Amino acid sequence: MNLAEFQARVQANPRPVIVDIWAPWCGPCRTLSPRLLQVSEAYVGQIDVWKINADEEPELVRALKIMGIPTLLIYRDGQEVARRTGLQSVDALRSIFDALLVSDSNGAVTRIAGLSDTERWLRLTTGAILAALPILLGWSPFLAVVGAIVLFSGVYDRCPLWQALTAKLRSVSRSV
Amino acid sequence: MIKVNEAGWDRIARIVLGIVMLVLGWGGFVTGTFGVILQWLGFIPLITGLIGWCPLYALFRFGTKSA
């Protein structure tokens, strides 16, 4: 399959698609595969999961600019909205599946791919200004705390501690 | 999930306005009742600019962001 054929298949598919790029010799791929199967069972008919063996489709993998495996390519409305490389936890996989079903397209992309560069830049700049001014000029620390919160909101999606905490909270809320 | 209803220029204008109001209020450049008002009212344009969603726009089904 070449890139054009692959893209045509994705665009013709009426449902969101998660494409698992894997290889038989790859340990993390073998761990991810059953997790993906387990999570996807709850989304049958809503989200499709395709698997591509990187050894059998080297041209396609190169054309898709895959830098490492396992990689999950996440498509919605025929467009790639995010990609995740490396082993994913069951909770992280569930978050991706859940986000793909959000009706608002922009919201879905934000939930899977995290903040856009513009969004991140806005939050980091604003947070830095609000945090720095009170510290440098001796104003009320309240404004510095607000600045720190705004700063964190610019990187929360890349904070492993935050991700672990929210994943834990999600799994607790599911079990209640 | 909140749907963004502000254009980029709108968001930046709100954030700048919010920062200016907060600096004037919390920095002591404006004192008295007006200073206290600025200290707290400044958070409104700041937050609505940061999240890109204005409740008043939503209420009146208006928005600066093109569809």
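The model is predicted.

Chain B has 67 residues, and 30% of them are buried. Its secondary structure consists of four helices and zero strands. Along the sequence the pattern reads α-α-α-α. Of the contacts in chain B between residues at least 6 apart in sequence, 71% join residues at least 24 apart.

Two helix pairs in chain B were examined, both involving α1(B). Two packed helices are described by the angle between their axes and the distance between the axes. Helix α1 of chain B covers residues 8–26, and helix α2 of chain B covers residues 32–41. Their axes lie 7 Å apart and meet at an angle of about 140 degrees. An angle over 145 degrees would count as roughly antiparallel; α1(B) is therefore oblique to α2(B). The crossing of this pair is left-handed. From α1(B), the contact draws on B:Met21, B:Leu22, B:Leu24, B:Gly25 and B:Trp26. From α2(B) come B:Gly35, B:Leu38, B:Gln39 and B:Leu41. Six of the contact residues are nonpolar, three are polar and none is charged.

The second pair joins α1(B) to helix α3 of chain B, residues 43–51. Here the angle is about 150 degrees, and the axes are 7 Å apart. This angle makes α1(B) roughly antiparallel to α3(B). The crossing is again left-handed. On α1(B), the contact residues are B:Arg11, B:Arg14, B:Ile15, B:Leu17, B:Gly18, B:Ile19 and B:Leu22. On α3(B), they are B:Phe43, B:Pro45, B:Leu46, B:Thr48, B:Gly49 and B:Leu50. By class, this contact holds eight nonpolar, three polar and two charged residues. B:Leu22 takes part in the contact with α2(B) and in the contact with α3(B).

The contact between the chains takes 16 residues from chain A and 11 residues from chain B. On chain A, three helices each supply at least two residues of the side that touches chain B: α5 (105–113), α6 (117–137) and α7 (141–153). The largest share, eight residues, comes from α6(A). The side of chain A that touches chain B comprises 10 nonpolar, four polar and two charged residues.

Terms used. Residues numbered from 1 in each chain as written. Chains lettered and ligands numbered in written order. Predicted model: local features only at pLDDT ≥ 70, side-chain atom pairs only at ≥ 80, totals over all residues. Contact = placed C-beta atoms within 7 Å. Nonpolar A, V, L, I, M, F, W, Y, C, P; charged D, E, K, R; others polar. Axes fitted to C-alpha atoms, helices over the stretch in contact; angles between N-to-C directions. Parallel < 35°, antiparallel > 145°, perpendicular 65-115°, else oblique. Left-handed = near helix turned anticlockwise from the far one by under 90°. Buried ≥ 20, exposed ≤ 12 C-beta atoms within 10 Å, placed from the backbone.
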